[in-house]
Amino acid sequence: MKIKRESYRLIKPDYGDATPPPTDLCLPLTPFDTVTYEGHIAVIYAYRPPNPTNKAIEEGLRRTLAEYREWAGRFVEDKDGRRCILFNDAGMRFVEASCDYPLGYMDRPSPEYLELHPPLEGVQELAQVQLTRFSCGSLVVGFTSQHMVADGLATSNFLVAWGRAARGLPVQPLPFRDPALFVPRNPPNFRFEHRGVEYTDKLRTDISGVSSTLIETIKVHKAHFSSDFLLKLKARASANSGMRKPYTTFDSLIAHLWRQITRARALHPADTTEMRIAVNGRGRMTNPRVPLEYFGNLVLWAVPRAKACDLVRQPLSHAARLIHDAVSRVNDDYFRSFIDYSSSKEKMEGLMPTGNVTSRALCPNLEVYSWLRFPFYDLDFGGGCPHMFTPSYFPDEGSLFLVPSFSGNGDIDAFVGLFEKDIQTFEDLCYSLE
């Protein structure tokens with residue numbers, strides 16, 4: 001797949017007949033922004049022909065940036081040393097590319113995905129897009145965004161609004177911003193310990209302890225789970241659980257994956273394994289409530305833990321219960337405690353965000369990112385919804401992305417990063433209900 005990048009330029013907001021807003025507005029990042037992963041995340045959409053022109057997509061982007069100005073801004077520091085977004089309308093990077101061959105079937109994660117979006121390293125812009133046209137008429141849109149600006153739900157809302165603008169419709173949904181939502185309480189209430197979850201010691205920079213040779217063998221495996229399999233999995237996880245309601249599909253699936261990945265890794269029975277599960281605060285924060293349209297980051301982590309021997313010997317319901325209970329604890333009280341904790345100079349002394357720890361190998365642990373409820377498949381530039389959506393190629397051992405399958409019937413695709421030596425065993429286990 002030979003991709004030719006043909007043009008690069010910066011796209012700035014189009015305010016139409018309205019008076020352009022000031023370009024010196026400086027918005028400090030919230031604790032939820034600064035505690036997340038610092039870097040660009042990339043997603044890829046593929047569209048069958050016919051497709052709108054690049055010009056129509058670009059014009060829609062300009063209109064959308066007039067509402068979502070963060071993406072056209074830049075990071076700066078204020079006089080207090082806080083990282084901020086400067087709303088200077090400097091622009092978002094826009095790349096046009098082409099390929100002389102038809103678009104193949106993107107059914108296996110591949111390093112070739114990296115050619116379908118702008119590079120992720122050394123990027124000054126807060127967002128980038130690449131439009132790649134194939135000889136068959138297919139269009140691939142590769143979008144990258146700085147994670148400290150917005151989480152997955154906020155980013156997907158922006159993308160849906162961009163699609164609407166490209167079709168000549170009003171920019172919707174509009175971003176909601178209110179820094180007063182995250183003011184610490186007086187007096188603070190440190191009800192939970194956030195050291196060891198959201199924060200770690202500053203001296204801790206690399207926790208992998210894995211040889212560079214083994215790191216180079218990390219691959220991403222895509223596992224497809226049909227809706228029929230998921231129903232059986234959910235029934236098995238909920239059997240004899242003692243719960244009034246059955247476990248969710250999410251709880252059941254990641255419980256299953258946790259157990260099978262633990263088996264594939266051949267962990268020592270006495271090893272402790274944990275999952276870091278991203279939990280969205282919209283809908284969980286109740287005092288005051290945070291709307292779904294909130295633009296920024298609003299994610300913390302649930303961390304269920306278990307001994308490897310207990311995880312694989314106990315029934316699936318045991319793992320599902322650990323996950324369910326851990327996620328349930330990340331409630332309004334937990335989010336408010338985090339705000340108080342992250343605003344305390346005394347508590348934060350000598351700490352840094354866990355997301356800043358550089359490790360491409362998480363074994364014996366996992367990090368779970370669920371994109372199941374994000375409206376990624378609603379991104380329509382005028383030629384219809386995408387026929388395929390995927391995260392880019394992130395070869396990090398222990399990373400787990402859950403994405404709704406493009407089949408549209410409730411199937412789920414799981415993108416799992418593993419050492420190559422463990423992949424065959426995982427493939428043999430991942431569809432077993434035992």
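The sulfur of C430 lies 18 Å from the closest cysteine sulfur, that of C363, which is too far for a bond. C430 is buried, at 1% relative accessibility (buried means under 20% relative accessible area, exposed over 50%, and partly exposed in between, with a 1.4 Å probe and protein chains only). For C385, the closest cysteine sulfur belongs to C136 and is 19 Å away, again too far for a bond. C385 is partly exposed, with a relative accessible area of 48%. The count of disulfides comes to zero, where a disulfide is a pair of cysteine sulfur atoms within 2.5 Å.

A word on the ground rules: this is a predicted model, in which local features need pLDDT of at least 70 and side-chain atom pairs count only at pLDDT 80 or more, while totals for chains, interfaces and linings use all residues. Residues are numbered from 1 along each chain as its sequence is written, and side-chain values use heavy atoms, leaving out hydrogens and water.

## A sheet of three strands

Which strands form the open sheet, and in what order? Three strands take part, in the order β2-β5-β4, with antiparallel pairing. Strands (E, at least two residues) and helices (H or I, at least four) are DSSP runs, numbered from the N terminus, and two strands pair if DSSP finds at least two bridges between them. Because β2 and β4 (74–77) stand at the edges with a single partner strand each, one side of each is left without a neighbour in the sheet. Neighbouring strands of this sheet are turned by 40 degrees against each other on average, direction ignored (the axes are lines fitted to C-alpha atoms, for helices over the stretch in contact, and angles run from 0 to 180 degrees between N-to-C directions). The antiparallel pair of β4 and β5 is joined over four bridges, and V76 stands opposite C84 in β5.

## Backbone details

Most residues other than glycine have a negative phi, and most peptide bonds are trans. With that in mind, here are some places to look at. The peptide bond from P49 to P50 is cis, with omega near 0 degrees; P50 sits in the loop between β3 (40–47) and α2 (54–65). Another cis peptide bond runs from C363 to P364, with omega near 15 degrees, and P364 belongs to the loop between β14 and β15 (366–370).

Positive phi values turn up too. D89, in the loop between β5 and β6 (92–99), has phi near 55 degrees. Is D89 buried or exposed? D89 is buried, with a relative accessible area of 10%. A266 also has a positive phi, near 55 degrees, and lies in the loop between α6 (249–265) and β11 (272–280). At 62% relative accessibility, A266 counts as exposed.

## Cavities and a pocket

On a 1 Å grid over the protein atoms alone, a cavity is a set of points where a 1.4 Å probe fits but cannot get out; a pocket is an open set with protein on both sides within 12 Å along at least five of seven lines, and lining residues have an atom within 4 Å of a point. Points are joined across faces, edges and corners, and a volume is the space filled by probe spheres set on them. The model has three cavities of 30 Å³ or more.

| Space | Volume | Classes in the lining |
|---|---|---|
| Largest cavity | about 50 Å³ | six nonpolar, one polar, two charged residues |
| Second largest cavity | about 40 Å³ | six nonpolar, two polar, no charged residues |
| Second largest pocket | about 1100 Å³ | 18 nonpolar, 10 polar, 12 charged residues |

Here Ala, Val, Leu, Ile, Met, Phe, Trp, Tyr, Cys and Pro count as nonpolar, Asp, Glu, Lys and Arg as charged, and the others, Gly among them, as polar.

The lining of the largest cavity includes M106, Y113, K222 and D413. β16 (388–391) and β18 (412–419) each supply at least two residues of this lining, and β16 gives the most, with three. Among the residues around the second largest cavity are V220, P391, Y393 and F401.
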